[in-house]
Amino acid sequence: ASTSDATGMTGELLDDYEEGTYTPTVAGATSGSYTVGDSATKLTYVKVGKLVHLQGQLHITGKSSPSGVVTVSLPFATGNTTDLAERSVGSVAFDSASSGNGVAHNSGNFVNFQVSTNASVGTFRSSEDNASAGSLNQSHMTTNDRFIIGITYTSF
């Protein structure tokens, strides 16, 4: 490359570029799954080198006994570095079918989409005003809920 190397840099060549859509799996971390349907069934991604940007809207049209934290599959998995550099947080907007579904849908709460170490899925994290954070589980998501996510993360 014609530029000088920055401290800690490991490469200067663009070795991968890909863009596309994929149909993610939405499931409970312990068991069960959610069905995505109508016109909101895919997410779009752009991958430049190891950097992945993921975005789109999904519509939950059914569920089959989900249990545990709600997960959404990623088009590319994260890795495991010694300094946790693979972790990332992105934005989420929920459109709930019911206002009574708890922390995920109250206007005073904040929801993020989180990608962690050695992950092939992302999870939703919520924090309430002046309260601790928690993961969204099967009690927070139901049929006819919609969510939009946008996150940039690093694959390995």
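Because the model is predicted, local features need pLDDT of at least 70 and side-chain atom pairs count only at pLDDT 80 or more, while totals for chains, interfaces and linings use all residues. Residues are numbered from 1 along each chain as its sequence is written, and side-chain values use heavy atoms, with hydrogens and water left out.

**Exercise 1. Strands**

Task: State how many helices and strands the chain has, and describe how β3 pairs with β2 and with β5.

Solution: 
- Step 1. Helices (H or I, at least four residues) and strands (E, at least two) are DSSP runs, numbered from the N terminus. The chain has zero helices and 11 strands.
- Step 2. Two strands pair if DSSP finds at least two bridges between them. Strand β2 (residues 26-28) and strand β3 (residues 31-36) run antiparallel and are joined by two bridges. They form a hairpin, with two residues between them, and V26 is opposite Y34 in β3.
- Step 3. β3 also pairs with strand β5 (residues 51-67), in the antiparallel sense and over five bridges. Here V36 is opposite I60 in β5.

**Exercise 2. Aromatic rings**

Task: Count the aromatic pairs and classify Y22 with Y45 and F124 with F147.

Solution: 
- Step 1. Rings of Phe, Tyr and Trp (its six-membered ring) pair if their centres lie within 6.5 Å; planes under 30 degrees apart count as stacked, over 60 as edge-to-face and the rest as tilted. This rule gives four aromatic pairs.
- Step 2. For Y22 and Y45, the centres are 6.4 Å apart and the planes make 65°, an edge-to-face pair. The pair links distant parts of the chain, as Y22 is in strand β1 (residues 17-22) and Y45 in strand β4 (residues 43-48), 23 residues apart. Both Y22 and Y45 are buried, buried meaning under 20% relative accessible area, exposed over 50%, and partly exposed in between (1.4 Å probe, protein chains only).
- Step 3. The ring centres of F124 and F147 are 5.0 Å apart with planes at 80°, so this pair is edge-to-face. It also links distant parts of the chain: F124 is in strand β9 (residues 121-128) and F147 in strand β11 (residues 146-154), 23 residues apart. F124 and F147 are buried.
- Step 4. Ring pairs join Y22, Y45 and F76 into a cluster. K47 lies over the face of F76, 5.2 Å from the ring centre; the rule asks for NZ of Lys or CZ of Arg within 6 Å of the ring centre and within 35 degrees of the ring normal.

**Exercise 3. Core and surface**

Solution: 
- Step 1. Contact means heavy atoms within 4.5 Å. Leaving aside neighbours within four places in sequence, V26 is in contact with residues including Y34, L58, V72 and F147.
- Step 2. Of the 156 residues of the chain, 37% count as buried.
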